[in-house]
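Here's a quick tour for anyone opening this structure for the first time. Have a look at the sequence and the 3D view, then read on.

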There are 2 protein chains.
Amino acid sequence: MVAVDALTVRSSVVSLTLLLVTVTSVSAARDPPYETRYFHQYLDHFNLASHGANTFKERVLVSDAFWRKGGPIFFYTGNEGPITSIWNEIGFMKDLTAKFEALIVFAEHRYYGESLPFGENTFARENMGLLTVEQALADYAILLSNLTAVFCQDPDVCPVIAFGGSYGGVLSTFLRLKYPNLVAGALASSANVYMSAGLTPGNELFQDVTEDFRRYNPRCPDRVREGFTEMERLSGQGKQGLLEVSSRMNLCSPLQDRADLVNMYRWVREAFTVLAMEDLPYSISNGPSLPAYPVNASCDLLLKATDGIEGIIQAVGMLYNFTSDLTCFDLHQDFVPCADPTGCSLMPGAKAWDYQTCTEISLLESTNNVTDMFPPDAFTEETRVAHCWERWGVTPRPGWLATQFWGKDLSPSSNIIFSNGDLDPWRRGGVLQNVSSSIVAMVIEGGAHMMDLRVPNPADPQSVIRVRQQEADLIGQWIREATNQRE
Amino acid sequence: MVAVDALTVRSSVVSLTLLLVTVTSVSAARDPPYETRYFHQYLDHFNLASHGANTFKERVLVSDAFWRKGGPIFFYTGNEGPITSIWNEIGFMKDLTAKFEALIVFAEHRYYGESLPFGENTFARENMGLLTVEQALADYAILLSNLTAVFCQDPDVCPVIAFGGSYGGVLSTFLRLKYPNLVAGALASSANVYMSAGLTPGNELFQDVTEDFRRYNPRCPDRVREGFTEMERLSGQGKQGLLEVSSRMNLCSPLQDRADLVNMYRWVREAFTVLAMEDLPYSISNGPSLPAYPVNASCDLLLKATDGIEGIIQAVGMLYNFTSDLTCFDLHQDFVPCADPTGCSLMPGAKAWDYQTCTEISLLESTNNVTDMFPPDAFTEETRVAHCWERWGVTPRPGWLATQFWGKDLSPSSNIIFSNGDLDPWRRGGVLQNVSSSIVAMVIEGGAHMMDLRVPNPADPQSVIRVRQQEADLIGQWIREATNQRE
């Protein structure tokens, strides 16, 4: 473990409080032990007066279990959730860390987990403004410049590699674009950089969810469509019809109106999306418990059921009732409408994510029942504006993220791996073609969301094993190049 | 002239107000005519809630006098002053514009000129926080993404080249580093990027001022030293001595104490610095009127004078009394102490510049009377902190600019020209060696501050003519590459 009193500040010659403080040791099950640290960050990196000069504590998990002094730093750019959960999910990075004798650092994203800038008032409207991608990246930049000062004899000799999955991969990418002085390269797994910036058509996500089911058995999407058609028919019969839908869908509270019905459709759609994202060849229990190949398993249930509605409830039950102990489904427990069309939850982090998708991050994915199996549901900029204004009093800034993070022209950067599983419905939001000789796309055949970053499993297909090897080779090359360049 | 109603917004599908509005036509003397436009910018690009969503009007000068549709956009990244004055000074860019049939755009920096975010209350402490390099660059980025949408059939086909001198050159550089999606290259003249980020030793500026005088005649710095030594001797004799110094220096108000004396020394130092910066082979009258080769001219006065003090007052009079009609010198008129050791003035922009050097921009240049000809005057981080806290209630963030803008490792970028005159005392704050094959340093022999960007003059030496030609060649290459890449 690294001594706390070694943690002094590199750049601050005045009496600022950018110090790593407070250590509590925690060790996870099959992982290397880590220390939990808290780093004082400025509230506002871009307003140097007023409250911007105040600080909050950002949670950072650090492990030197494999570290050789002078070795690289592997830095996970935390995304929308408690960093402790993310730590448990990201297994491959730790295997790599052992190989490269790296220091592991997992930084928590502001407004998530314990890194709440305004404590219990963090999610009050008036306190949300400082939740932006740019502020989060600046947090990571300052943390990194302090980390290298603390952990390297010469601050310039420990190359940093950024890692991230999903939105975390978007952040790793952006960190490499904007701060190549701090990170020598980035592994961005399932990073929907183009979708987040509003640069994709908006009908691909749910189309690809549908395709995942069709690929296993073309009758599955048909069954889902059949179920939705029947629900539409029943609901057209008024109150009684809604009651029957509620009853057959085993809802705890009956649907009151069309808005409720639409919300329930989205709740169903979310479940199918998660089953497709998590379509792994092994069972998981970090978060919801799912069997191996949940798409296949739920598709089997769909086809075995007496009709479409019954099939749908069996399939979504695999996710929402994975403990098999629910007597009915409480929509509001599982699904809160938000500016992410796949829905949010009741978790505090979901509020922050709603805010992010209400401001910078664009996820305008719709369904049309033609290219996908779900009821038509157009999520337009206007729908988004209405929700965001009502919920947060803000108006989205479409175009801003593309202006800020280079849109579709990432070629001026270098040393980025974009990995995507070809079963992951988010993949078309990201980079699927090589951008240049050093910005490369890797596709994991049969791979789900963030599959390469997950804890390696005996059931892993050769494709993911191969991609991980290619990633390790490239990361090794980046480290060698960065080290040579600096010598 | 371009019709105003063509100016619609590219990225904003909601009813935001990012529109170019209000046109007043103005034409400068020997320049192409320009239109003055006002572009609605967000107050805060990095806090999407609260007052950040409000806007202010940024002044932009636009000329399509030479423009061929589809041609490049030449974009001047405005620095610390009214953009109209800068327009008059930057002559070479307009020559280039004619050559390349470019659209000319000069954008005013927030908090300067007419681009005051809070109107007449702009310089109140509580309103200063949004004056940062990052906010100014984001202003330029959003402006550019709107400009290309308006002026190009296909927004992606008009390459933008950024131009800037001095702090404006720092901004051009940073714009290319952080927004290569928007600018294909940058000509950064006399851009003290390293000094601004606090990465230079801090004793070079005034050493090089001294060297400029020594180069003409080694007896000049000796004369200056002699004058300061005599002032020190006299002031050591108490009130009467201070009175004698005041009288011999022809001050309107007598010096009261040591603090006044030190301030007067700085006022003198500032004059020598300006004479060295503006050491051009022709006379100028944009701002103060100065003769050709003012270093030589003032040095001659120094040597002709009866003693050192008389010599100093003759030399500084060349700047402060260029109209030759002052009966005495009013220190406070010419020189206001600030966090820029070369001093600020009574101009409103000087307040903004003081604030910038109190927060992000580091200009910790000292004198020691050993490597330079001025009285020892250490400008330390502590001195800076004390001034900034008292004046603005802020504490500088040393290290931040280097973290944010890549410190001394600019090599991940490309297509930047760093030009510097070898007589310019600011040059060692910038990039004097090639960084890579496409980030190149050009030195103008016998060149002063921003000499290449100025209005070409028959007295220009071959060196600046040659550098301008090299710059034109490279810019032409960038435009061709950007155009080919996009086709």
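Let's start inside one chain, keeping in mind that this is a predicted model. B:Ser419 is part of strand E8 of chain B, which covers residues 416-421. Is B:Ser419 buried or exposed? Its relative accessibility is 0%, so B:Ser419 counts as buried. With its side chain, B:Ser419 makes a polar contact with the side chain of B:Asp452, at 2.5 Å. If you skip the neighbours within four places in sequence, B:Ser419 touches several other residues, including B:Leu187, B:Ala188, B:Met442 and B:Glu471.

Now over to chain A and a pair of helices. H7(A) and H8(A) pack at an angle of about 145 degrees, and their axes lie 7 Å apart. Here's who takes part in that meeting:

| Helix | Span | Residues in the contact |
|---|---|---|
| H7(A) | residues 219-235 | A:Glu230, A:Met231, A:Leu234, A:Ser235 |
| H8(A) | residues 239-248 | A:Gly241, A:Leu242, A:Glu244, A:Val245, A:Arg248 |

Sorted by type, the residues of this contact are four nonpolar, two polar and three charged.

Finally, step back to the two chains together. Chain A superposes on chain B through a rotation of 180 degrees, with 0.0 Å of shift along the axis and an RMSD of 0.0 Å. The two copies are therefore related as by a two-fold rotation axis. Which C-alpha of chain A is nearest the axis? That of A:Lys178, 2.9 Å from it. As for how the chains meet, 100% of the interface residues of chain A are also interface residues in chain B, so the copies meet through the same surface.

Conventions. Residues numbered from 1 in each chain as written. Chains lettered and ligands numbered in written order. Predicted model: local features only at pLDDT ≥ 70, side-chain atom pairs only at ≥ 80, totals over all residues. Heavy atoms only, no water. Least-squares fit on C-alpha atoms with pLDDT ≥ 70 in both. Contact = heavy atoms within 4.5 Å. Helix = DSSP H or I, 4+ residues; strand = E, 2+ residues; numbered from the N terminus. Buried < 20%, exposed > 50% of the residue type's maximum accessible area, 1.4 Å probe, protein only. Polar contact = N/O pair within 3.5 Å; in protein donor to acceptor, adjacent residues only side chain to side chain. Axes fitted to C-alpha atoms, helices over the stretch in contact; angles between N-to-C directions. Nonpolar A, V, L, I, M, F, W, Y, C, P; charged D, E, K, R; others polar.
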